[in-house]
Amino acid sequence: MEYTRLGRGGPRVSVVGLGFWQAGGRAWRLNGHGWVESVVGEALDRGINLFDTAEIYGWGRSERLLGEALRRLGAGDDVVVASKVGGFRVNTASIIRGVKGINRRLGRTVDLVQHHWPPPVYVPLCATIRGLERAVLEGHAHYYGLSNYPASLMEKAYSCAKRIEPVSDQVQYSLAYRSAENRLLPHSRQRGYTIIAWSPLAKGALAGKSRPSDPAQKADPVFRAAAGDTRLQNALDTVAGRHRATRAQVALAWLIAKGAIPIPGTRKPERVAEIAGSATLRLGEDDIRLLDEAGREYLYRWGRTYRALWYMRLIPCLLQVASIRLMGGV
Ligand SMILES: NC(=O)c1ccc[n+]([C@@H]2O[C@H](COP(=O)([O-])OP(=O)(O)OC[C@H]3O[C@@H](n4cnc5c(N)ncnc54)[C@H](OP(=O)(O)O)[C@@H]3O)[C@@H](O)[C@H]2O)c1
């Protein structure tokens, strides 16, 4: 496994992590969770040490299962657990309450607490950043990061930060969703935070899955676009053939080559070795050029600037909490 640091002086993490939304809610069907411990065990055996979850994944269920698995497997201090407080937590009291809840469910102090999406437009961003700083200063979390923040709000976050800077921004980023490359990626290099890439496989479509089976895949236009894009699939196949790799490994290695840390999700322990293999797959300039060209339209198709989950900024906090709670989380 290869390792890097999150941000300037953040924790040491594997260049590919794993996401645990799948252990949470109905979007991925609640089909029993026997797999969580096996997936985590396989990951630890292969040196993957970054595990991502969130308080809204099954309203805490994903965090509980991940924490339990890590405990039962005797995972060491080198494991980096990243979780997220909902974007409806916008001030210090609410953020600290959220992080304490995360720690209770995980059974450990969360390493990286991320703010899941930017606060509603009526909230002063500095109040939120102050809350995240306080969570770290008081020892409830080791580091903080943001999620789904476009470059403009990341810059604002930096100007708000008084004592501690964010180490990461977790955003939707894959060969089929490339808005982050236009402004956010250059900004992350300038400021020194790490881009963590969610849905790095376009929910399986970039791994070769052509028909959606889970609600999360059915509801995702990016899945449909990637699954139906013959040119992109052929380019993935060509590069995979050159390296005796799989499409999933190529899609993940392309993100790693761009300097991002992909966190694919899987409920299948047998896929973890494949995911870990992406860390040591070295793509050549020709490979990158071919993939860049094949996925060129996705630089702009979903917006020139990053705007996944932007609509949450228009929904008042109380309404956000009420609807997510009513659904039992996502
Ligand atoms: N910050 C945010 O707002 C946000 C939003 C969404 C997700 N996330 C995080 O990012 C993580 C990953 O994103 P994601 O789950 O949306 O998408 P993803 O990682 O792109 O896709 C995950 C799905 O792809 C399928 N897959 C993986 N390898 C495959 C293969 N070789 N062949 C066929 N299918 C394959 C898996 O199915 P199986 O389960 O059957 O293996 C899995 O459920 C999440 O778990 C979560 O932690 C964060």
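**Conventions**

I number residues from 1 along each chain as its sequence is written. The model is predicted, and I therefore note that local features need pLDDT of at least 70, that side-chain atom pairs count only at pLDDT 80 or more, and that totals for chains, interfaces and linings use all residues.

**Entry 1: the whole chain**

I began with the secondary structure and found 13 helices and 10 strands in the protein chain. Helices (H or I, at least four residues) and strands (E, at least two) are DSSP runs, numbered from the N terminus.

I then looked up the overall dimensions. The C-alpha trace spans about 55 × 45 × 40 Å along its principal axes. The radius of gyration, taken over C-alpha atoms, is set against a globule rule of 2.2 Å times the number of residues to the power 0.38. For 330 residues a compact globule would come near 20 Å, and the 18 Å of the protein chain agrees with that.

Of the 330 residues, 52% count as buried. A residue is buried if 20 or more other C-beta atoms lie within 10 Å of its own, exposed if 12 or fewer, and partly exposed in between, with C-beta atoms placed from the backbone.

For contacts I used C-beta atoms, placed from the backbone, that lie within 7 Å. Among contacts between residues at least 6 apart in sequence, 78% join residues at least 24 apart.

**Entry 2: the sheet**

In which order do the 8 strands of the open sheet run? I read the order as S3-S4-S5-S6-S7-S8-S9-S10, with parallel pairing. The edge strands are S3 (18-19) and S10 (261-262), each of which pairs on one side only. Two strands pair if DSSP finds at least two bridges between them.

I went through several pairs in turn. Strand S4 (residues 50-52) pairs with S5 in the parallel sense over 3 bridges, and Leu50 stands opposite Val80 in S5. Strand S5 (residues 80-85) is joined to S6 in the parallel sense by 4 bridges, where Lys84 has Gln114 as its bridge partner. Strand S8 (residues 168-172) and strand S9 (residues 194-198) are parallel over 5 bridges, and Asp169 has its bridge partner in S9 at Ile195.

Helix H4 (residues 125-137) packs on the sheet and touches S6 and strand S7 (141-147). The direction of H4 makes about 155° with that of S7. Axes are lines fitted to C-alpha atoms, for helices over the stretch in contact, and angles run from 0 to 180 degrees between N-to-C directions.

I checked S5 and found 6 of its 6 residues buried. In a regular strand the side chains alternate between the two faces of the sheet. On one side of S5 are Val80, Ala82 and Lys84, on the other Val81, Ser83 and Val85, and all are buried. S6 is largely enclosed by the rest of the structure, because 6 of its 6 residues are buried.

Within S6 I looked at Gln114. Gln114 counts as buried because it has 27 C-beta neighbours inside 10 Å. Leaving aside neighbours within four places in sequence, Gln114 is in contact with Ala82, Lys84, Gly145, Leu146, Ser147 and Gln170. Gln114 and Ile129 are 15 residues apart in sequence and 11 Å apart in space, C-alpha to C-alpha.

**Entry 3: loop residues**

Asn148 lies in the loop between S7 and helix H5 (151-160). Its phi is positive, about 60°, although Asn148 is not a glycine. Is Asn148 buried or exposed? Asn148 is buried, with 24 other C-beta atoms within 10 Å.

Lys203 is in the loop between S9 and helix H7 (215-218). Lys203 also has a positive phi of about 60° without being a glycine, and with 27 C-beta neighbours inside 10 Å it counts as buried.

Gly107 sits in the loop between helix H3 (92-106) and strand S6 (110-115). Gly107 is partly exposed, with 13 other C-beta atoms within 10 Å. Beyond four places in sequence, Gly107 is in contact with Gly67 and Arg71. From C-alpha to C-alpha, Gly107 and Asn148 are 27 Å apart in space and 41 residues apart in sequence.

Terms used
Two residues are in contact if their C-beta atoms, placed from the backbone, lie within 7 Å.
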